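Dear colleague,

I am handing over the structure we spoke about, with the sequence alongside it. Please have a look at it first; my notes on what was found follow below.

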Amino acid sequence: MSDFIPMSKPFLGKAEIDAVVQVLKSGWITTGPKCKEFEEEFARFIGASHALSLSSGTGGMHIVLKAMGIGEGDEVITPSMTFASTVNQIVLADARPVFADIDYDTLLIRPEEIKKRLSKRTKAIIPVHFAGAPVDMDAIEDIAGDIPIIEDAAHAIDTYYKGRHIGRKNLSIFSFHPIKNITTCEGGMVTGNDETLMHRLRLLRFHGIERDSWKRYGKGSDPDYDIVEPGFKYNMTDIQAALGLAQMKQIEEITERRNRIARHYLEELSDLDGLDLPGIPCYEHGHAWHLFVVKILAMDRADFIQALAEKNIGYGLHFPACHTLSYVIKRFGKTALSVTEDIAKKIISLPIYPGMDAAQVDRVIDVVREIIK
Ligand SMILES: Cc1ncc(COP(=O)(O)O)c(C=O)c1O
């Protein structure tokens with residue numbers, strides 16, 4: 001199937017391969033100087049004081065919830081239209097996920113819906129910058145007051161809200177899974193400005209050990225350590241960090257290419273009645289176009305998917321609504337979220353990735369038009 005157009009494909013070239021080979025030859029391949037360099041570069045790019053590299057965004061969410069003391073009896077407000085990893089971590093912390101509905105057009109959590117669900121037990125709000133579009137942070141911060149906000153920035157590398165990069169202000173968690181705008185194969189990053197909290201996260205990331213292992217194994221170094229609080233093992237490797245540093249050099253190009261594809265889809269599919277295109281937030285922002293999610297109105301989504309498959313075109317489902325997952329219903333009962341439930345049956349993600357050429361974009365457009373008509 002040589003003409004298959006996948007939904008996503010990492011944008012990797014010689015620079016990434018050379019960077020990985022260099023680390024492999026260096027004699028130090030796990031967490032070390034490359035992770036430090038990647039953290040410094042990422043923090044600089046975001047404009048945050050600190051960045052902590054991790055083996056995944058999910059691991060980041062786990063230690064963030066732990067460090068914030070979220071546990072039994074606590075509630076965390078988040079959208080249901082998100083990847084289940086966040087909800088899983090809330091539940092695994094023995095807290096309750098409280099789902100807020102989203103905007104039909106942008107698929108972003110609605111601040112008024114968060115407000116409706118605040119209670120004395122609300123211990124955190126986790127908005128998601130869905131598909132690379134920023135949520136309305138000013139409105140959410142107004143509503144939150146003293147309640148901590150943890151930004152799920154898994155889709156938001158190179159996403160801007162009113163002139164600032166996502167992750168600059170509040171504690172934020174990024175993902176470098178291969179589908180994401182930049183990848184480290186698997187990996188994540190937490191950014192934040194609270195030095196004490198970030199230090200605790202650093203300890204929780206790696207067994208609770210104070211000093212980095214690459215410093216304990218260095219020539220003439222002290223191999224001893226103490227642990228004041230047990231931690232997990234969510235460290236990134238230097239191989240991944242080298243990949244990440246090479247990817248960061250391409251961010252501008254990656255975002256520009258994704259924006260170009262999105263603009264073309266928006267222009268060429270806007271006259272189709274049987275399909276709703278993604279809505280664009282009305283406030284000033286920079287969109288990273290991590291995903292291009294359309295809603296199928298003209299036909300059953302299953303038939304649309306089958307037709308795409310027959311034409312050798314890939315697709316994705318972002319996401320099955322979390323409040324309808326079996327274990328969530330079993331544990332917390334049913335929640336009514338009218339917009340989420342409506343769109344959950346209609347959404348499908350079309351191919352969008354930096355290496356997609358104009359002919360491939362045109363082919364997707366032609367096929368979608370043909371199926372919908
Ligand atoms: C919205 C969202 N949050 C969190 C994650 C978790 O990231 P990771 O796969 O790096 O654990 C993902 C993606 O995979 C995601 O799409």
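Between the two domains, 32 residues of domain 1 are in contact with 28 residues of domain 2. The elements α4 (84–92), β3 (96–100) and β6 (160–161) each contribute at least two residues to the side of domain 1 that touches domain 2, and by class that side consists of 17 nonpolar, 8 polar and 7 charged residues. Please keep in mind, as you read on, that this is a predicted model. As for the bounds, the domain assignment places domain 1 at 14–249 and domain 2 at 252–372, and the centres of domain 1 and domain 2, taken over C-alpha atoms, are 25 Å apart.

Turning to the strands, there is an open sheet of 4 strands in the order β1-β9-β8-β5, in which the pairing is mixed. Its edge strands, each pairing on one side only, are β1 (50–54) and β5 (150–152), and neighbouring strands of this sheet are turned by 20° against each other on average, direction ignored. Strands β8 (residues 171–175) and β9 (residues 188–192) run antiparallel and are joined by 4 bridges; Phe174, for example, has Met189 in β9 as its bridge partner.

Two helices belong with this sheet. Helix α3 (residues 57–67) lies across β1, β5, β8 and β9 and runs at about 155° to β8, whereas helix α7 (residues 195–205) packs on the sheet by touching β1 and β9, with a direction that makes about 15° with that of β1.

Ala51 counts as buried because it has 23 C-beta neighbours inside 10 Å, where 20 or more are required. Leaving aside residues up to four places away in sequence, Ala51 touches Glu39, Phe42, Ala43, Ile46, Met189 and Thr191, and Met189 is also the residue in β9 that partners Phe174. The C-alpha atoms of Ala51 and Leu171 are separated by 9.8 Å, although the two residues are 120 residues apart along the chain.

Finally, which residues come nearest to the ligand? Of the 14 residues around the ligand, these are Ser56, Gly57, Thr58, Ala154 and Ser175. The shell around the ligand has 3 nonpolar, 10 polar and 1 charged residues by class, and α3 and α4 each supply at least two residues of that shell.

Conventions
Residues numbered from 1 in each chain as written. Predicted model: local features only at pLDDT ≥ 70, side-chain atom pairs only at ≥ 80, totals over all residues. Domains from an automatic or database assignment. Contact = placed C-beta atoms within 7 Å. Nonpolar A, V, L, I, M, F, W, Y, C, P; charged D, E, K, R; others polar. Pairing = 2+ DSSP bridges. Axes fitted to C-alpha atoms, helices over the stretch in contact; angles between N-to-C directions. Near = placed C-beta within 6 Å. Buried ≥ 20, exposed ≤ 12 C-beta atoms within 10 Å, placed from the backbone.
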